[in-house]
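Student: I've got a model to look at and a few things to ask. Can we go through it together?

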Amino acid sequence: MARLQECQRLLLAIQVAGWLNDSALCLQAVVQCYGLLAPLIHQKIPAKPVVQVLLRCHAVLQEVPSLTRHRKSNSTSDSLSHMIAAITYHIAKVIWVCFNC
């Protein structure tokens, strides 16, 4: 529960960063949010609030210019690609399970 409350604060930070057009700050908040949710993702916990946060993070990652993501070092870029893949897979898996119940 505490992790989701902290994610709620980070989603607010993402919104403010969007108003400021600060893509680096958006990216940083998404990465921190993912860090909080990673244990829940890897335990395959299909909680609705987790999926809602991940959907928002995924949407933000699609809006962040690829230049911002690729300006980082190769290892950072690989980590971001892994994070995006993990988020996408978890969202798809939960949606698949929900529609096949």
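Student: Which residues form a nonpolar patch on the surface?

Tutor: Keep in mind that this is a predicted model. The patch has about 470 Å² of accessible area together. Its members are Leu 12, Val 16, Trp 19 and Leu 20.

Student: Is Val 16 buried, partly exposed or exposed?

Tutor: Val 16 sits in helix H1, which covers residues 2–19. Its relative accessible area is 34%. Buried means under 20% and exposed means over 50%, so Val 16 is partly exposed.

Student: How about His 90, buried or exposed?

Tutor: You'll find His 90 in helix H5, residues 74–99. Its relative accessibility is 5%. The cut-off for buried is under 20%, so His 90 counts as buried.

Student: Which residues is His 90 in contact with, leaving aside its neighbours within four places in sequence?

Tutor: Contact here takes heavy atoms within 4.5 Å. With those sequence neighbours set aside, the list for His 90 is Ile 41, Lys 44, Ile 45, Val 50 and Leu 54.

Student: Which side chains meet in a salt bridge?

Tutor: The rule asks for a Lys or Arg side-chain nitrogen within 4 Å of an Asp or Glu carboxyl oxygen, and the count comes to 1 salt bridge. The N to O distance is 2.9 Å. Both partners lie in helix H1, 3 residues apart, about one turn of the helix. The pair is Glu 6 and Arg 9.

Student: And what is the relative accessible area of Glu 6?

Tutor: Glu 6 belongs to helix H1. It falls in the partly exposed class, between the 20% and 50% limits. The value for Glu 6 is 32%.

Methods
Residues are numbered from 1 along each chain as its sequence is written. This is a predicted model: local features need pLDDT of at least 70, side-chain atom pairs count only at pLDDT 80 or more; totals for chains, interfaces and linings use all residues. Side-chain values use heavy atoms; hydrogens and water are left out. Patches are made of residues with over 30% relative accessible area and no salt bridge: like charges are joined within 9 Å, nonpolar side chains (Val, Leu, Ile, Met, Phe, Trp, Tyr) within 5 Å. Accessible areas come from the Shrake-Rupley method with a 1.4 Å probe; for residues, only the protein chains shown count as cover. Helices (H or I, at least four residues) and strands (E, at least two) are DSSP runs, numbered from the N terminus. Buried means under 20% relative accessible area, exposed over 50%, partly exposed in between (1.4 Å probe, protein chains only).
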